[in-house]
Amino acid sequence: MASSDLKSAALMDQMKTHFSTDAGKALTKKIGLVYQIHIAPKKMGFNEEIFVVDLKKGEVTKGPYEGGKPDATFSFTDADFFKIATGKMNPQIAFMRGKMKVKGSLSAAQKFTPDIFPKPSKM
């Protein structure tokens, strides 16, 4: 992936590796959805970087989803995404506090949990 100043970009790189493991392959079978994630350095909507987490193919790519519409689209700041992905913030609480915005299928969004992310080795 192109270089990025986002802390979350390192997490996305780890996810790529995670999907090639047995645990990662089991996840793609279980979830089978496509998430588009917009991560902004400081304020949602500004200078966002877009990542696609494709749990149908088991891929993480940078840039908007090109295979139709993603099942759910999320917007976060870098810090909030990192907290959710590492399990330090509950996604439902983040949503209620406006730290996470969701578009698309809410049932698909509910499957977006810290479990889909690899447990970070020291970052």
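What do the buried residues of H3 pack against? In this predicted model, they pack against H1, strand S1 (34-40), strand S4 (72-77) and H4.

Start with helix H3 itself, which spans residues 78-85. H3 is mostly covered. Six of its eight residues are buried. They are Asp78, Asp80, Phe81, Phe82, Ile84 and Ala85.

Now turn to the pairing of H3 with H1. Helix H1 covers residues 7-18. The axes of H1 and H3 come within 8 Å. They cross at roughly 40°. An angle under 35 degrees would count as roughly parallel, and 65 to 115 as roughly perpendicular. H1 and H3 are therefore oblique to each other. On the H1 side, the contact is made by Lys7, Ser8, Leu11 and Met12. On the H3 side, Asp78, Phe81, Phe82 and Ala85 take part. These four H3 residues are also listed as buried.

Follow the chain past the end of H3. Just after this helix, Gly87 takes a positive phi of about 80°.

Helix H4 comes next in this tour, at residues 91-96. The buried residues of H3 pack against H4.

Note on methods. Residues are numbered from 1 along each chain as its sequence is written. This is a predicted model: local features need pLDDT of at least 70, side-chain atom pairs count only at pLDDT 80 or more; totals for chains, interfaces and linings use all residues. Side-chain values use heavy atoms; hydrogens and water are left out. Helices (H or I, at least four residues) and strands (E, at least two) are DSSP runs, numbered from the N terminus. Axes are lines fitted to C-alpha atoms, for helices over the stretch in contact, and angles run from 0 to 180 degrees between N-to-C directions. Angles under 35 degrees count as roughly parallel, over 145 as roughly antiparallel, 65 to 115 as roughly perpendicular and the rest as oblique. Contact means heavy atoms within 4.5 Å. Buried means under 20% relative accessible area, exposed over 50%, partly exposed in between (1.4 Å probe, protein chains only).
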